[in-house]
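Dear colleague,

I am handing over the structure we spoke about, and below it you will find what was found in it, written out step by step. Please keep the structure open beside this email while you read.

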Amino acid sequence: MQRQVMCYPDCGGSPCRISTDLGLSIPRFLGRYIKGFMDNMQYAEELLREFLVFRGFTNTLQSFEKELSTDIGRNFQVDKILDLVFSVVHFYIVKIGSVNSSALHHWTPWFVIPYIKSPSLDPQFRVYFSKEWFDALHLSFRNFLSEVFNGTHILKVISTEKNTVKYLKDGIKQLNNKLSQLQALLETKEAEILYLQSLAPSDREASILKEINSISDLSSEASSKDDGVSSRVKDFREPVNDSLHIGEKITAANCGESSSSTGVLDISTVAKSSSMAGSVGQSPSEHEKSSNVLQMAHTENSIDVLGEEEFPEVKVDFQETFLGHTSRISRCRFSASGMNIASASVDGTVRIWTYDSSTPTSRNATIYCGAEIMSLDWECRSDRLLLIGTADGGIKAWNVDAKRVVCDLSTTTEFPSVLDLKCSPVEPIFVSAAASRWNGFHKLDRAGFASLTVWNMKTWKAMTVLPLGEDPPAITSLCFNHNGKILAASAADGMIHMFDMSAGLQITGWPAHDTAVSSLLFGPDETSIFSLGSDGKIFEWSLQNQGRVLWSRDCTRYCFPESLKICRHEIALDSNGKRLLVTSGSVRSPIYQVQGHTLGLRTLPHSGAITSVDWHPTLPIFITGSADHSVRVTSII
């Protein structure tokens, strides 16, 4: 096969010559240049990967990875580069840079070559098509590359690269095995701690009762008062057991509610009554002992039951409560601008309202859906459309300006429960996550199989079904990245899946929790993703180093198992990405400081569990929906 070579100068107008008598100055210079390049090449590749992931260029990322794996020149092996140059590429052109007229004169004949029928027979160009010239060029180029690469000592490094890679892979495998063992050990220890904690309150109560009973028998003169104290102690014991499961009773007592209305005994009242009894029939030492016992009960109960009393209460700028619902709140969401709020309850009603008196109330409305509301989402590009998902497979699109349902869709009969809906921030599409069955929030891991459907918001028709494999567990939560190219989905088996929306394919996934994941959202810079498990564990996962936990919290004291009977717990991140608000089985919700060393905050109390939360898209304002049927908007300082 004949090879045509067209050589042009790239600077100064001088011919570009490759010959065997090259001095070592050029190869050594290039060697030092390439060595510096090699030292930073891996870092540059990592930066490029991060950029492609951040921008959602998944197709480009896949092509980049494929080219890296098949790049025969990446190891700077002379023979492979020669094969690439002389076997694959048949035309070589050195681009003309800044060339003066005198230099261009020497290269004028080369501009004629495209118009010559047989350049190989032309006397002026025949030499460049001869075997001798090609062999000389091949040898010269080989010597040139060898000098360059020997100058950088790259060949010596390359000879051990495969062994190094194998060694590193083996080391990573061993570390992963060790990590798995440590995680299993940690889970075992946590289970033991929880078991011991569940036994401890009963032991303390028995000890307290024993002390108080011994005190009550010391004086017959104070028998009637002692009976009064005993009855208070009985009231005290019952709420303690309840508070281990339903934290809102203790918290409500601390919020100033009367003990008679909540069934919780104020410890200070018991202490005061015991003091009165001691003044009648106890010796000073016995009275002091009684006070110490009751004080110990108060201290230990506060630490174990309340747990995060050190979290200060939020400082409120203003607060408004909406009381329009007649059953517990299942979801509440700010609109894209934050001007309107949509709140839904389990009785099948959705209400649209505004918290700001300066905002027109023309969009306020009540929507009757006829089934339990399981999901809500506003159109991201405007406040015009609200999507509503129900437990009977219905998806309604409500136009807030026209005040009517503009589209009433239905999932297939095989997947009747719409667990979540999410609109793309860029395209006129949304994704629905439907489950094959629904047995309540406390059985999220038994929600059956999943169907993940992409819908067109112009035609209101299904576009595609995202692949999840055979018999996939139910998808519980969805979220898009900023440009809508990547969709994250959490599952009932604890997995997190990532989808390329352009290709409609899953690109990665990893096990995040040992239980069902109930809520999922991207971090502020989209290099991480937050997940909340139904076990109350919160993790922030790195998207640059998959499987790495950047930050975590254990909020099982708020997301305890009994609370799952009334709500599907969720998390919400403020616009700055620094404060994470969590639903709660108690009357207060925690606000954790993400990646910070300062204490978190506590919301002001509702009179029931907090079942839904959301942050304003730009301001330090959040909403909380509660089992007490109310929705509250709170602006904090």
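Two strands are said to pair if DSSP finds at least two bridges between them. Please also bear in mind that this is a predicted model.

With that in hand, we can begin with strand β28. Strand β1 (residues 316-322) is joined to β28 by six bridges, and the two run antiparallel; within this pairing, Val-316 stands opposite Ile-636 of β28. Strand β27 (residues 621-626) also pairs with β28 in the antiparallel sense, here over five bridges, and the bridge partner of Ile-623 in β28 is Val-633. Four residues lie between the strands in the hairpin of β27 and β28, where His-629 takes a positive phi near 80°.

How many of the residues of strand β28 (residues 631-636) are buried? Six of its six residues are buried, and the strand is therefore described as mostly covered, where buried means under 20% relative accessible area.

Because five of its six residues are buried, β20 is largely enclosed by the rest of the structure. Strand β19 (residues 528-533) is joined to β20 by five bridges and runs antiparallel to it, with Ser-528 standing opposite Ser-542 of β20. The hairpin of β19 and β20 has three residues between the strands, and Gly-536 takes a positive phi near 90° there. Strand β21 (residues 549-554) pairs with β20 in the antiparallel sense over five bridges, and Trp-541 stands opposite Val-549 in β21. In the hairpin of β20 and β21, with six residues between the strands, Gly-547 takes a positive phi near 90°.

Next comes a whole sheet. Four strands form an open sheet in the order β2-β3-β4-β5, with antiparallel pairing. At its edges stand β2 and β5 (365-368), each with a single partner strand, so one side of each is left without a neighbour in the sheet. From one strand to the next, the twist averages 15°. Within this sheet, strand β4 (residues 349-353) pairs with β5 over four bridges in the antiparallel sense, and Ile-367 in β5 is the bridge partner of Val-350.

Leaving out residues up to four places away in sequence, Ser-410 touches Gly-393 and Trp-455. Ser-410 and Ile-395 are 15 residues apart in sequence, while their C-alpha atoms are 5.9 Å apart in space.

Finally, please look at the second largest pocket, which holds about 1,200 Å³ of space. Of the 46 residues that line this pocket, the closest to its centre are Asp-377, Lys-422, Leu-521, Leu-573 and Asp-614. Several strands each supply at least two residues of the lining, among them β2 (329-334), β6 (373-378), β10 (417-423) and β26 (610-615). By class, the lining has 23 nonpolar, twelve polar and eleven charged residues.

With kind regards

Conventions
Residues are numbered from 1 along each chain as its sequence is written. This is a predicted model: local features need pLDDT of at least 70, side-chain atom pairs count only at pLDDT 80 or more; totals for chains, interfaces and linings use all residues. Side-chain values use heavy atoms; hydrogens and water are left out. On a 1 Å grid over the protein atoms alone, a cavity is a set of points where a 1.4 Å probe fits but cannot get out, and a pocket is an open set with protein on both sides within 12 Å along at least five of seven lines; lining residues have an atom within 4 Å of a point. Grid points are joined across faces, edges and corners, and a volume is the space filled by probe spheres set on the points. Ala, Val, Leu, Ile, Met, Phe, Trp, Tyr, Cys and Pro count as nonpolar, Asp, Glu, Lys and Arg as charged, and the others, Gly among them, as polar. Contact means heavy atoms within 4.5 Å. Axes are lines fitted to C-alpha atoms, for helices over the stretch in contact, and angles run from 0 to 180 degrees between N-to-C directions. Buried means under 20% relative accessible area, exposed over 50%, partly exposed in between (1.4 Å probe, protein chains only).
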